[in-house]
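Please go through this model from the inside out.

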Amino acid sequence: MLKIITAPSPILSQTAKPVAKLDKSVLNLIEQMKQTLLSAQDPVGVGLAAPQIGKALRIFIIKQNHKSPISTFINPLIEDFLNAPSEKNQQAKQSETTRRAKEKSGINKNVQLEGCLSLIDIWGEVKRQPGVALSYQDEKGEKHSQKFYGFISTIIQHETDHLNGILFPKRVLEQKGKLYKSRKDEKGEDIFEEIEI
């Protein structure tokens, strides 16, 4: 298990390099990333990019929820942004804990808050595209070209930003959104307080 790098570490603002060869060291790194993601609690992580564990390589992994398997994306490239098809035109899912905390803090329930394992207790309103067309390689070196919508599309855009040296607060500022800091109340539940930008 690896330590998750937190801001303001310089590696988080670097552009990651493509993986030239899918060898044992890369596969070992991916395995360590999986262990690190699975160990992330409070908040539970849904994605992890290689720069977040100190490796400037174009790799990220995703685990949408506790039941889903971990998916690996090597040298991912967003080819296009997509509108959501009508049957998939739904809000990105958020955990029950986040939903309750937003209600308690007086944040509009339709606002999607994004967080990051490299920015402890910081959350922000980020508008992401409903879908992406993504090309990437898997752990076997096989190439894929796939469309993703909804929550997984949001995670892919967030993790791709990591590979390009962008943390989500930059998107919040670009979109003139709001940033929040979370803390625990006396019952151990999350409360969000707006941060002045």
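## The cavity

The largest cavity is lined by P43, C116, L117, L119, I120, D121, I122 and W123. Its volume is about 40 Å³. The model is a predicted one. A search of the whole structure turns up 1 cavity of 30 Å³ or more.

Strand β5 gives the largest share of this lining, with 5 residues. By class, the lining has 7 nonpolar residues, no polar ones and 1 charged. D121 is among the lining residues, and Asp counts as charged.

## Overall make-up

The protein chain has 197 residues, of which 45% count as buried. Its secondary structure comes to 4 helices and 9 strands. Along the sequence the pattern reads α-β-β-β-α-β-β-β-β-α-α-β-β.

## The four-stranded sheet

Strand β5 also belongs to an open sheet of 4 strands, in the order β4-β5-β8-β9. The pairing is antiparallel. At the edges are β4 (113-116) and β9, each pairing on one side only. Neighbouring strands here are turned by 35 degrees against each other on average, direction ignored.

Strands β4 and β5 run antiparallel and are joined by 4 bridges. In one of these strands, β5, E125 is the bridge partner of L113.

## The five-stranded sheet

Another open sheet holds 5 strands, ordered β1-β2-β3-β6-β7. Its pairing is antiparallel. The edge strands are β1 (47-49) and β7 (143-149), and each pairs on one side only. Neighbouring strands of this sheet are turned by 40 degrees against each other on average, direction ignored.

Inside the order, β3 and β6 pair in the antiparallel sense over 6 bridges. D80 has its bridge partner in β6, namely A133.

## The second largest pocket

How much space lies in the second largest pocket? The volume is about 180 Å³. Its lining consists of I78, F81, V126, K127, R128, Q129, Q157, T160, D161, N164, R171 and Q175.

Helix α3 provides the largest share, 3 residues. The class count is 3 nonpolar, 5 polar and 4 charged residues. K127, R128, D161 and R171 are in the lining, and Asp, Lys and Arg count as charged.

## Salt bridges at the pocket

Side chains of opposite charge can pair when their charged atoms come close. The structure holds 7 salt bridges. One of them joins the side chains of D161 and R128, at 2.9 Å from N to O. D161 lies in helix α3 (residues 151-163), while R128 sits in the loop between β5 (119-125) and β6 (131-137), so this pair ties together parts that are 33 residues apart in sequence.

Are the two partners buried or exposed? D161 is buried, at 7% relative accessible area. R128 is buried as well, at 18%. The cut-off for buried is under 20%. Both residues also line the second largest pocket.

R171, another residue of that lining, meets E174 in a salt bridge of 3.0 Å, N to O. These two residues are 3 apart in helix α4 (residues 168-174), so about one helical turn separates them. E174 is partly exposed, with a relative accessible area of 43%.

E193 forms a salt bridge with R183, and their closest N and O atoms are 2.7 Å apart. The pair links distant parts of the chain, 10 residues apart: E193 is in strand β9 (residues 190-195) and R183 in strand β8 (residues 179-184). E193 is partly exposed, at 37% relative accessible area. R183 also counts as partly exposed, at 40%. Strands β8 and β9 stand next to each other in the order of the four-stranded sheet.

Notes:
Residues numbered from 1 in each chain as written. Predicted model: local features only at pLDDT ≥ 70, side-chain atom pairs only at ≥ 80, totals over all residues. Heavy atoms only, no water. Salt bridge = Lys/Arg side-chain N within 4 Å of Asp/Glu carboxyl O. Buried < 20%, exposed > 50% of the residue type's maximum accessible area, 1.4 Å probe, protein only. 1 Å grid on protein atoms, 1.4 Å probe; cavity = no way out; pocket = protein on both sides within 12 Å on 5 of 7 lines; lining within 4 Å. Points joined across faces, edges and corners; volume = space filled by probe spheres on them. Pairing = 2+ DSSP bridges. Axes fitted to C-alpha atoms, helices over the stretch in contact; angles between N-to-C directions.
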